[in-house]
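The sequence and structure come before the text.

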Amino acid sequence: MDEQIRFHTIAVLVENEPGVLARVVGLFSGRGYNIESLTVAEVDHKENLSRITLVTSGNVMVIEQIKAQLDRLVPVHSVKDLTLEGPHVAAELAMVKVAGTGDKRVEALRIADIFEATVQDTTLESFVFRLHGQSAKIDQFIGLMKPLGLVDVCRTGVVAMARGKEGI
Amino acid sequence: MSRDQMTGSEIVLKALAEQGVDVIFGYPGGAVLPIYDALFQQNAVRHILVRQEAGAVHAAEGYARSTGKVGVVLVTSGPGATNAVTGLTDALMDSIPVVCLTGQVPTHLIGNDAFQEADTTGITRPCTKHNFLVKRMEDLARVMHEAFYIAQNGRPGPVVVDLPKDILQGLGEYQAASKSGHKSYRPQVKGDAGNISKAVELLAKAKKPLFYCGGGVINSGPAASQLLTDFVRMTGYPCTLTLMGLGALPATDKRFLGMVGMHGTYESNIAMHDCDVMVCVGARFDDRVTGNLAHFSPNSKKIHIDIDPSSINKNVRVDVPIVGDVGHVLEVMIKEWKAKQYKPDGKALDAWWKQIDEWRAVDCLKYDSKKDVIKPQYALERLQAITKKRSEEKGDVYFTTEVGQHQMWAAQFLHFNKPNRWMTSGGLGTMGYGLPAAMGVQVAHPDALVVDVAGEASILMNIQEMSTLAQYRLPVKVFILNNEYMGMVRQWQELLHGGRYSESYMESLPDFVKLAESFHAVGLRAEKPDQVDDLINEMIEIDKPVIADVMVDKAENVFPMIPSGAAHNEMLLGPEDRAEHAVSEDGMVLV
């Protein structure tokens, strides 16, 4: 049996009602599954729907279990395994605060430019950068900022969508 | 008040009536007083006043399991709701349809640590199939109907509806149940035709086939049990049942191998280990059934029919998964078997049965009888024989149990020829389940004989319900196998912990005969084997609740036994087997 641990991005369309996020999160903690990241927001006000994108890890059987367990929650409309069901696009947004002066400050700004990060706030001793893209790119950016005076990081976690014309 | 307006409490009761509820089990308190007031002023719904809320949920479970209907509970906020938690978890684990209405403090006080406030939806979220907090009057009727829909559709389970007091007292309009189905919860009932064909073909080609069936067959309704019986007889294949599935196939059927699992029969477990095609119908490869997963039925192709997709491939990889209602799927399978004119491989099947008969000849349930000490197995054999006679003459007999050794012996020695006659706490293993469950069964079947097979430790966990039995004249029989120990704990301590009987002996047990009398019931006692028949006959004849205190062998253990961590073919058949199969270190950490 395939015991290799793999990462899957799963999109879950849920009824936007009180407690629905607690149900999802409680399922993961109660059954010992991992959450690498989780994002949620309302996506259709009229139909009262929210969309959760979560990245989780486990072997094949665990990933299958996670999807089945999610799907049987009463307020869950649909569960899609984006990793399994074909190509998808994924992105994450991050805000990164870097404090420093002199060469370090100039270097931070130069790297930010390379990463197409935008400056959201600045003082004479700090920047708040905003950047988006693949998680790996953000990891890399944060890594580079560490020696340059990294103070604060805030990330949204992954949002993802299947390529092509079909909806969830 | 306009003509269509009614109070929240009236809406609740009207919804119960529309859902066909005729009895609820409950306990009043501040937050639910408006419902109790409305109850007082109507006759459609009967209320059974329990003595503790745990009893209410187990009673509703007993009611549900013996009727196939939804069991309904009404408790107050705070401690009322928290006392119900064990029962809710029990119903979740055993897939029992229960709707539990809990009172709640008024909406404007929620979150204020008000008197008798608890975060009921927060606490019960992981132990219910679904739960609701009704915060708007206009949601009340819809939520009530939805709760019943969810409790009984798909894999059944408990649903909590938390009802703040201001909602119960406010005015609103009633809505009838929607016919259009649920917005997001639509379980798959019909199985995939392709996989069903594949499964039937696999079964037809099997040389050493085995049906392994569980509570899902019972939950699917009596028709599913009939279909299973038809299919088993049509194929002539052997069939084993889980603790939850007893009664799905008549115990008298020669194809029935007995229960499977930790304390199942030798022939069932070895057949499970050696079979080449296993069809799992409404069971879930529970750890009590599979034993060591790495060595579980290593050479079989596995077919799994279950209404809950999350049950499939959870513990054991299966080859042909079929998501759907057991009854529907079995019906299609039988049609397919007939249409394709499949015939079992007669020669292979004969050889398989010959092998099984050799395993049967081991006689794994045999025990040493003693002249002056009652063996628990003997007491149950006599209970089975005498109640069987009674059921032939006077109608149905229902058994419930508590949890422990007596439960396993009851599963081994009582025989069930129909579904819904056996109520036991399988998944959660809740001591204290049997007496209130029996109460619920007796409420549903006033003229039936209802027996709770109990241990003296378990029975004390919900003994207060004896008082409920008296109030409603429910002639439940409590049949205690009294060994003065928490028997299963003692057995594990003997086998796994060097005989250090830490806290498993109960000093100062009550005198159960006097205890019965103080609860307006009749107490009986047997101390010698030759008293057992008289005791059982007397117990059955008395038209009142009875506690029969049967003093049994204190040292008896339940065999056969698959020790935790062991495989099916490493079963202990009796005390003499013990030394050869010491429990592994890996097994020690398992429960």
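The paragraphs below cover chain A, and then the domains of chain B.

This is a predicted model, in which local features need pLDDT of at least 70 and side-chain atom pairs count only at pLDDT 80 or more, while totals for chains, interfaces and linings use all residues. Residues are numbered from 1 along each chain as its sequence is written, chains are lettered from A in the order in which they are written, and side-chain values use heavy atoms, without hydrogens and water.

Chain A has four helices and nine strands (DSSP runs: H or I of at least four residues for helices, E of at least two for strands). Their order along the sequence is β-α-β-β-α-β-β-α-β-β-α-β-β. Of its 168 residues, 40% count as buried, meaning under 20% relative accessible area with a 1.4 Å probe, protein chains only.

| Domain of chain B | Residues |
|---|---|
| domain 1 | 5-173 |
| domain 2 | 193-360 |
| domain 3 | 376-551 |

The C-alpha centres of domain 1 and domain 2 of chain B are 37 Å apart. Between them these two domains bury about 590 Å², with 49% of it on carbon and sulfur atoms; buried area is the accessible area (1.4 Å probe) that two parts lose on being put together, summed over both. R65(B), D94(B) and R155(B) supply 62% of the area that domain 1 of chain B buries against domain 2 of chain B.

One salt bridge is counted between domain 1 and domain 2 of chain B (a side-chain nitrogen of Lys or Arg within 4 Å of a carboxyl oxygen of Asp or Glu). R155(B) also forms a salt bridge with D308(B), their closest N and O atoms being 2.8 Å apart.

Technical notes
Domain bounds come from an automatic or database domain assignment. Buried means under 20% relative accessible area, exposed over 50%, partly exposed in between (1.4 Å probe, protein chains only).
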